[in-house]
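Please look over the sequence and the model before turning to the points below.

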Amino acid sequence: MISDSGTNTEAELLDTLNPVQREAVTHTEGPVLILAGAGSGKTRVLTHRIAWLVRKRGVSPMEILAFTFTNKAAASMKERLARLLGGPNSSMWIGTFHGTCVRILRASGSHRGLDRNFVIYDSDDQETLMRRILSDLSLGDKEFRPRAVLSKISNVKNRLITPQAYKAMTQTYHEELIAKIYEQYQNALKKAQALDFDDLIGETVTLFAEHDSIREQYARRFRYVHVDEYQDTNGPQYELIRHLASVHRNLCVVGDDDQSIYGWRGADIGNILSFESTYPEAHVVRLEQNYRSTGNILAAANAVVKNNKKRKSKTLWTEESAGELIQLTIVGDEEAEGELIVSGMTRAVHQDGRSLRELAVLYRTNAQSRAIENALRRAAVPYELVGGTPFYQRREVKDLLAYLRLSVNPNDDVAFRRVLNVPKRGIGKTTLDRLGALAFREGVPMLAAARRVSEEVDITSATKEKIRAFVQIIDGLTARGTEPVSELLASLAGALEIGRHLLDDDPETAADRMENVEELIVGARQYVERATDPGVAAFLSEVALLTDADRIDETVDKVRLMTAHNAKGLEFDVVFVAGLEEGLLPHASSAMDPEQIEEERRLFYVALTRARIRVFLSAATHRRRFGIGGPTGLSRFLNELPPELMEIDERAQSYGGYGAGGSNHGGGSGARSGVTRYEPTDDDPFQRPARGTGESFPRARSWTGSFDRPVVPPSKEVTFSPGPRHVLGRILHPTFGRGEVIAQEGKGPDSRLTVLFPGGVVKKIVARYAQWEESDVDF
């Protein structure tokens, strides 16, 4: 136990805090609600509070539990506590909800029939399993899309409803089918000794509910329970917290109802709004001083979010200067918006001295990134798309991990099916189906069926030998299961001749994919160096629980592109928020639901408060969505920004937008008429309190050239009439897609090619830079 009651400790832990933060740190007994506004130093408060408990109050570290929502946040908290406590302490439980539940279930899950080495199915594994179940039930993908069915099941699980209970609730034939699918899905998971993400928490809650002695064991151990980002908790997480705080009731939750933006995935803002009703003796502390953003950014954010009705009153403030005005630019279309953002970045880097990693572009939907990415590529600006294909979801990485999964859990049929023919062994779908049938007849997992392959008369001797060789690889991995996972991966990659396999599979991508394999092994080595358990099962648990936020490398000098949802918890010097239009922000799917509109408003608030120094907003008068171009209306949230905080440039006229005749980028006289402001009607359910008179968006006071160069409209593209033509080859362009080479000027790698792209667009490209799919070109 670490105990230090001297005045030096008190000074060290409190002197760097403001008076309200000190109150949050030192009020340790009973339920405590810390309402922590954006950038108010909540992580510092939480870590100093835990350190205060240990050093000032003499609490044993093993009696402290803290929940975070990302592994990155947990690692940051551990690092800060190590500095405050004079070194790391492994007896203190600090981790994500899912990670903590994995620890509990590995230790006590046998009471629920779980093997210690259960595996965790990610979204890809879930979809693979769901496709098989739908196929077994003869249900087509069109009516029952795997991802949609899984989303429905997840929603049911987040209400802690079992398959049997859901079956009793069904009222329609469609719901009866969903109940049947849900039941078979859970049975398949159980047979594979696998849990999905929802099950990790749900199984732990059920364990506590059904086994009171186990609940009391953990609740009595953890005298002090802390929860970060409490506004994002869902029903099962709420129940888990309630169970763990049931003995001592020393529960400290930190959160901000104004940043509750995950209702679409089950988060319940009611958990934080009703905390004082649930715990009448709760002590409430409001952290309102902001240490991140300028005064104008905070004033703008406050002005927007105060329009929500379901919130706890708070107003962010700062001792810093007012800073720059919020910049809003209205452009002609999404292509112009991309160019605008790039020119703003150029000024931030070359004139203001910002590094690229201090810049971020936020948007409401992933589809918005296309035009922005195109502009960044044309300007050769390096960027990272957060929320793209995660590293551990890449095919070659998942293949190697599937081998490891099968070595620790022989019941994992999804992993077996994935890698039986990886690398290619000449084992086809027919053989796989016959093994599946054998497994079904014998009531065993597919790996066990593979061990009995000699009994299957319909499989050739040569194929049986290949299956036996595969089983030997798995057995070899299992036998070496106590070795560091990095050594196992390196040996496995060598035994499978993974480099040759990748080259045979796709020569063009082999080098990049081999780098991924090498990076996986490097990551495993780093894991072994820092982990208390360097084994396979613990490594697989960690990589399965990584989130997009955990994967962001803040040291790499690249612009970050991400949805506003993915930006939660991050901060940047300069933030560009794109697509401030009705139908995007707020999203069209929220338009008829006042509560969802409030969540969309909170999302805009989160986007604004990611910025430390500058905010650039943009909207387009026309935008292509779902392949169709059309006029847009400005977001209602822009009307809520005080005019005195804004600098507005309606440069759509200079672009011409889309002329009356169609979707070209040329000049046109009707562009400004495409700017439609959101004006609530008397019967509008979202009507706000009356605003002042006058135009919602005055003309800019004076455009000061905040971007270093004017953004000019894209040049008109040459079009090509359809008809007979001689095709010299086909290339793949990163921006324009596949194109046909229809002419060549000169010879050799410096020859100029005329390329016809879809839509009749013609471009000139130098031969050496073309990515060829097929070619008759002379070079």
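The structure is a predicted model. Its secondary structure comprises 28 helices and 24 strands, and 53% of the 779 residues in the protein are buried.

**Overall make-up**

- Of the contacts in the protein between residues at least 6 apart in sequence, 75% join residues at least 24 apart.
- The protein has an accessible surface of about 34700 Å², and carbon and sulfur atoms account for 49% of that surface.

**Aromatic pairs**

- A pair of aromatic rings is described by the distance of the centres and the angle of the planes.
- The count of aromatic pairs comes to 14.
- One of these is the tilted pair of Phe208 and Tyr218, with 5.8 Å from centre to centre and 50° between the planes.
- Because Phe208 belongs to helix α10 (residues 197-210) and Tyr218 to helix α11 (residues 212-221), this pair ties together parts that are 10 residues apart in sequence.
- Phe208 and Tyr218 are both buried.
- The ring planes of Phe416 and Phe470 stand at 85° with the centres 5.6 Å apart, so this pair is edge-to-face; the cut-off for that class is over 60 degrees.
- Phe416 is part of helix α19 (residues 413-419) and Phe470 is part of helix α22 (residues 461-479), so their pair ties together parts that are 54 residues apart in sequence.
- Phe416 is buried, as is Phe470.
- Trp93, Phe208, Tyr218 and Phe222 are linked into a cluster by ring pairs.

**Charges over rings**

- Arg106 places its charged end over the ring of Phe118, at 4.1 Å from the ring centre.
- Tyr262 has Arg265 over its face, 3.9 Å from the centre of the ring.

**Helix α27**

- Helix α27 (residues 594-608) contains 15 residues. From its first C-alpha to its last it reaches 21 Å, close to the 21 Å expected at 1.5 Å a residue.
- At the start of α27, the backbone nitrogen of Glu595 has a side-chain oxygen of Asp593 within 2.9 Å.
- The helix is mostly covered, with 12 of its 15 residues buried.
- Among the buried residues of α27 are Ile597, Leu603, Phe604, Tyr605 and Val606, and the buried residues also include Glu598, Glu599, Glu600, Arg601 and Arg602.
- The elements that cover the buried residues of α27 include the helix α15 (295-305) and the strands β10 (359-363), β13 (572-577) and β14 (611-620).

Definitions and conventions. Residues are numbered from 1 along each chain as its sequence is written. This is a predicted model: local features need pLDDT of at least 70, side-chain atom pairs count only at pLDDT 80 or more; totals for chains, interfaces and linings use all residues. Side-chain values use heavy atoms; hydrogens and water are left out. Rings of Phe, Tyr and Trp (its six-membered ring) pair if their centres lie within 6.5 Å; planes under 30 degrees apart count as stacked, over 60 as edge-to-face and the rest as tilted. Helices (H or I, at least four residues) and strands (E, at least two) are DSSP runs, numbered from the N terminus. Buried means under 20% relative accessible area, exposed over 50%, partly exposed in between (1.4 Å probe, protein chains only). A charge sits over a ring if NZ of Lys or CZ of Arg is within 6 Å of the ring centre and within 35 degrees of the ring normal. Contact means heavy atoms within 4.5 Å. Accessible areas come from the Shrake-Rupley method with a 1.4 Å probe; for residues, only the protein chains shown count as cover. The expected span of a helix is 1.5 Å times one less than its number of residues. A polar contact is a pair of N or O atoms within 3.5 Å; within protein, one must be able to donate a hydrogen and the other to accept it, and residues adjacent in sequence count only if both atoms are side-chain atoms.
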